[in-house]
Amino acid sequence: MTVFHFFNCAILTFGPHAVYYSATPLSEYDTLWTSIRASVVYLITSLVKLVCLATFLNVSESDTFDPYQELLKALFGFIDVAGLYFALTQLTHRNISQNHKFQAVGLGWAFADSVLHRLAPLWVGARGLEFTWDYILQGLEANANLVFSISLAALGSLMWLRKNKPKTLIPIIYTCAGIVATMPSITSYLRRGLGWHLPKVVGFELFSSLLIAFISWQLFVACQRPSN
């Protein structure tokens, strides 16, 4: 039963990444190498962010919400944006369109995040003797993060790669990107500041990820329209 529970949680956590790759044109255009390199960039970015957090943040013994510490975390969260900028603009990609490029980068980014932050807890905890919903919720949280990562990559491609975008949409694009980049601090405030339990936080993440994805899609479509 414990092994069965582990495999169920693992499929819920990592399966959507494989489904997204195989069900979209990404597999037809052989963008796997782009996703792998984006994953490597994510790992390097996470190492830099970890060093910054360990250097400038104090270890708190209590689980209360500290606005100063969370502000620093939010600022360091923009290191991810810098890493995503490098993955989108500096890595050499095969002859793929901008649509496929940001999806491949976002997919690799999200997969590396799931492996780095969720594989070890799954392996240690989901094989335990006692059933718990925590790892199922963790899998749902990984799905929300997949949507967030692809949405942020789409917004990044509009910010850095799309030159002829309407000027009226630029503030909206940057605002949405800032919200996605600071989402870990937002969810931390909901958990420790407002006392939300994990199911409620995951529900918020799933809803907000779908909302951001819809807005990002509308912005991407609007920027592709020919200007008059």
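Which residues does Pro-16 touch, not counting residues up to four places away in sequence? In this predicted model, the answer is Ile-11, Asn-143 and Leu-146. Pro-16 sits in helix H1, which covers residues 2-23. Its relative accessibility is 24%, so Pro-16 counts as partly exposed. Pro-16 also lies 9.6 Å from Phe-111, C-alpha to C-alpha, although 95 residues separate the two in sequence.

Move on to Ser-114. This serine belongs to helix H4. Is Ser-114 buried or exposed? Ser-114 has a relative accessible area of 0%, so it is buried. Its contacts, apart from neighbours within four places in sequence, are Thr-13, Phe-14, His-17, Leu-119 and Ala-142.

Now turn to the open spaces. Rolling a probe the size of a water molecule over the atoms shows where empty space is left. The largest pocket holds about 1,200 Å³. It is lined by 36 residues, and those closest to its centre are Lys-49, Asp-113, His-117, Pro-184 and Thr-187. By class, the lining of the largest pocket has 16 nonpolar, 10 polar and 10 charged residues.

The second largest pocket holds about 290 Å³. Its lining has 15 residues. Nearest its centre are Tyr-20, Phe-102, Ile-150, Ala-154 and Trp-217. How many charged residues does the lining of the second largest pocket have? There are none; the lining consists of 10 nonpolar and 5 polar residues. Helices H4, H5 and H8 (198-224) each supply at least two residues here. H8 gives the most, with 6 residues.

H8 deserves a look of its own. This helix has 27 residues. From its first C-alpha to its last, H8 reaches 38 Å, close to the 39 Å expected at 1.5 Å a residue. Its buried residues include Val-201, Val-202, Ile-212, Leu-219 and Phe-220. Glu-205 is buried in H8 too, as are Ser-208, Ser-209 and Ser-216. Ala-222 and Cys-223 complete the list.

Next comes H6. The 12 residues of H6 should span 16 Å at 1.5 Å a residue; the end C-alpha atoms are 17 Å apart, which agrees. Which residues of H6 are buried? They are Ile-173, Cys-176, Ala-177, Gly-178, Val-180 and Ala-181. These buried residues pack against H3, H5, H7 and H8.

Finally, consider the cysteines. A disulfide is a covalent bond between the sulfur atoms of two cysteines. How many disulfides does the model have? The count comes to 0. Cys-176 shows the reasoning. The nearest cysteine sulfur to that of Cys-176 belongs to Cys-223 and is 11 Å away. A disulfide needs the two sulfur atoms within 2.5 Å, so Cys-176 is in no disulfide. Cys-176 is also buried, because its relative accessibility is 7% and the cut-off is under 20%. Cys-52 falls under that cut-off as well: its relative accessible area is 19%, so Cys-52 is buried.

Key: Residues numbered from 1 in each chain as written. Predicted model: local features only at pLDDT ≥ 70, side-chain atom pairs only at ≥ 80, totals over all residues. Heavy atoms only, no water. 1 Å grid on protein atoms, 1.4 Å probe; cavity = no way out; pocket = protein on both sides within 12 Å on 5 of 7 lines; lining within 4 Å. Points joined across faces, edges and corners; volume = space filled by probe spheres on them. Nonpolar A, V, L, I, M, F, W, Y, C, P; charged D, E, K, R; others polar. Helix = DSSP H or I, 4+ residues; strand = E, 2+ residues; numbered from the N terminus. Expected span 1.5 Å × (residues − 1). Buried < 20%, exposed > 50% of the residue type's maximum accessible area, 1.4 Å probe, protein only. Contact = heavy atoms within 4.5 Å.
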